[in-house]
Amino acid sequence: MLTTRHTGAMLTSIKLPIVIRAEINLVLVVVTALGLLSRLYGINFPKAVVFDEVYYGQFVSLYTKQVFFIDESGPPLGHMILAFGAYLGGFDGNFIWNRIGAEYSSNVPVWSLRLIPALAGSLCVPLCYLLVVELGYSHLTALGAALLFLMENSLIVQSRFMLLESVLIFFLLLAVVSYLRFHNAQSGSPVRLAWLVLTGVTCACAVGVKYMGLFTYFLLLGLAAVHTWQLIGDRALSNGVVLMQVVTRFLALVVLPLLLYLGFFYVHLNLLYRSGPHDQMMSSAFQASLEGGLARITQGQPLEVAYGSQVTLRSVSSKPIPCWLHSHKANYPIRYENGRGSSHQQQVTCYPFKDVNNWWIIKDPGRQDLVVSSPPRPVRHGDVVQLLHGMTSRLLNTHDVAAPMSPHAQEVSGYIDFNVSMPAQNLWKVDIANREAEQDVWKTILSEVRLIHINTSAVLKLSGSSLPEWGYRQLEVVGDKIYKGYQPSGVWNVEEHRYGRSLEQRERELELHSPTHIDINRNLTFIAKFLELQWKMLTVKHEDSEHKYSSSPLEWITMNTNIAYWLHPASNAQIHLIGNFVTWTLANLALAVYVLLFLSYLLRRRRKIEDIPEATWCQLLQAGVVCAGGWAVNYLPFFMMEKTLFLYHYLPALTFQILLIPVVLEHLHTHMLRCASLRRALHGVVLAGLSSVYLSFRTFSPLTYGQPELSAEQLASLRWRDSWDILFRRR
């Protein structure tokens, strides 16, 4: 126990004042501030959907509503990061992401959706600085790398919107910096292990954002394997120390990323617990694990649709929000707002919620029975049926009357006999689109069915338009006479299904109100769900179509292509993914010079001619593995991919290639140019190059930030390549 005397002695031994000294790298602070300014400035502009925001926005909305989905392009971490940004801004998920250029409504916090990608892109600037320093080059060289990255127009554009490339690049650079910090730290340093763990964490995050992160992850694993092999050969270390080092690296760089990758899916599956647009791609057990999943709905339901079946028909194209063929006790207005007349018959719509008015009865036109016979008579491909609305007993009808929102198509209605010389036209042929896989019997969920009108050959189709207030803002259903090929908007699935048993209308209404299923408990383990979901993501591919702005890898390296991200609907203001032309040229030149230097040194060393010290050769070799290797592993694999590719796929490779510019320049200055006059000449070339980079950045900044608006002549002057698609309006 401490006495008062001991306590007093301890207090007198403490020297006052207590001083903490900290070293602050002002250059690093400045480049970080410039990075934040360049990426965060005006991220609210434009307040409209920009290019792939239309793609990622759908997933953000589904996350907000906790609705399950599958995105085959990558793991869920990137979507979760974007959804977290939406959560910070209080986004409720209610926005229709249906077209590029659509104005954001007041409930969409634009700054919040774009904040995290912008912050990630900003922090990449100081990371470039730190990476070059960790490679053993001077702080002046590192500053040059940071400035080149800072003024790269394409990286700025990609950082300022709700896109994932800047987040991916941030994790890639942080992983490389962390590993180099670990490798360069003194053995036994307490922070050394922390850097190794951070390397594993950031590698997992990179892969969790996009599968492209695997390329750099494998590069780092290869570099770590070489360093570990050298460690094993160090006879100064005991076997126990070597074993501990090997096990630690394996746990941090292999086991930890795998566990984190599983963790991303665990969070993903726990967040998205509601039935979603991709349920039908999953097994019945998986669907049963989702709230409202189809397996729960269809449990115990008949498989084959028969005459007398009571069904709900869901549109195959209604994604991400489902909708069902619907009718209710309201008629089309006699005349629409534009003066066109209607049939004034009962409205038929597509309704995005489960409702008793979604039920229809499959009727045999030759019989009056509305119950299933014993044994049931299944409906087959090519059969002609009538569809009777369960609650109102109106038959599904279409005729040569223009649809309310789509006048080129026919109105679809529930037939009412007004005795005005408009006879019923309510016969429909069942056309099973996937009968090769599911045979010619109409089956619950499995069959994709087109309903073809007998009199006019029109196909029952979801138009995609919303009806006005008189139609309760529900979605329009039409009869399309010019329907060609397979279009999801004209295909329907039977989702809920029962065999009708009630003969009287009142009894039938009670039957329709009753549930079709009994809830069951299906316990599916996380690992089983993860394996099924991962397999679907890797094997289920949506059909790729040629895009106006798609490009080949050969077009990227010389920037022969661009992407128009946003065009103002009334002015010449626009945003394009176009890089800094000078930087891209210098990066290609630096790569060529490095390859020549490497081959020259390699051949001369083979001849026992050592032009540079061993330490310098190792430094140049390591810089080549990180920078040139980082470019190669993030670029060359795209030549083997069959997916639709865009210029932004090149940005991770470009990042590592840019870092090669100052590395090559310092090596030339320090080890190749012996004469002072040649070094002064190189200084002049470097200053001229940086000035050119800045001028190129300023020149294209109106296309980077979307403002100020340029005239048609100014825009035409920016078309440095004939292949660039820069649009403008002449006034």
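Mentor: Happy to. One term to begin with: buried means under 20% relative accessible area, exposed over 50%, and partly exposed in between, using a 1.4 Å probe and protein chains only. This is a predicted model, where local features need pLDDT of at least 70, side-chain atom pairs count only at pLDDT 80 or more, and totals for chains, interfaces and linings use all residues. Residues are numbered from 1 along each chain as its sequence is written, and side-chain values use heavy atoms, with hydrogens and water left out.

Trainee: Thanks! Is cysteine 124 buried or exposed?

Mentor: Cysteine 124 counts as buried because its relative accessibility is 1%. Cysteine 128 is buried as well, with a relative accessible area of 0%.

Trainee: How many disulfides does the structure hold, then?

Mentor: It holds one. Cysteine 323 and cysteine 350 form it, with their sulfur atoms 2.1 Å apart. The pair links distant parts of the chain, 27 residues apart: cysteine 323 is in the loop between β1 (309-315) and β2 (324-331), and cysteine 350 is in strand β3 (residues 346-351). Helices (H or I, at least four residues) and strands (E, at least two) are DSSP runs, numbered from the N terminus.

Trainee: What's the handedness of that link?

Mentor: Right-handed, with 85° about the S-S bond. Both cysteine 323 and cysteine 350 are buried.

Trainee: Switching to strands: which ones pair with β5?

Mentor: Strand β4 (residues 359-363) pairs with β5 in the antiparallel sense over four bridges, and strand β8 (residues 428-432) runs antiparallel to β5, joined by two bridges. Pairing requires DSSP to find at least two bridges between two strands.

Trainee: Which residues stand opposite each other there?

Mentor: Tryptophan 360 is opposite histidine 389 in β5, while valine 385 has tryptophan 428 in β8 as its bridge partner. Five of the six residues of β5 (residues 384-389) are buried, so the strand is largely enclosed by the rest of the structure.

Trainee: Last one: how do α9 and α11 cross?

Mentor: The axes of helix α9 (residues 192-209) and helix α11 (residues 239-271) come within 8 Å and cross at roughly 35°. Axes are lines fitted to C-alpha atoms, for helices over the stretch in contact, with angles from 0 to 180 degrees between N-to-C directions.

Methods:
Disulfide = S-S within 2.5 Å.
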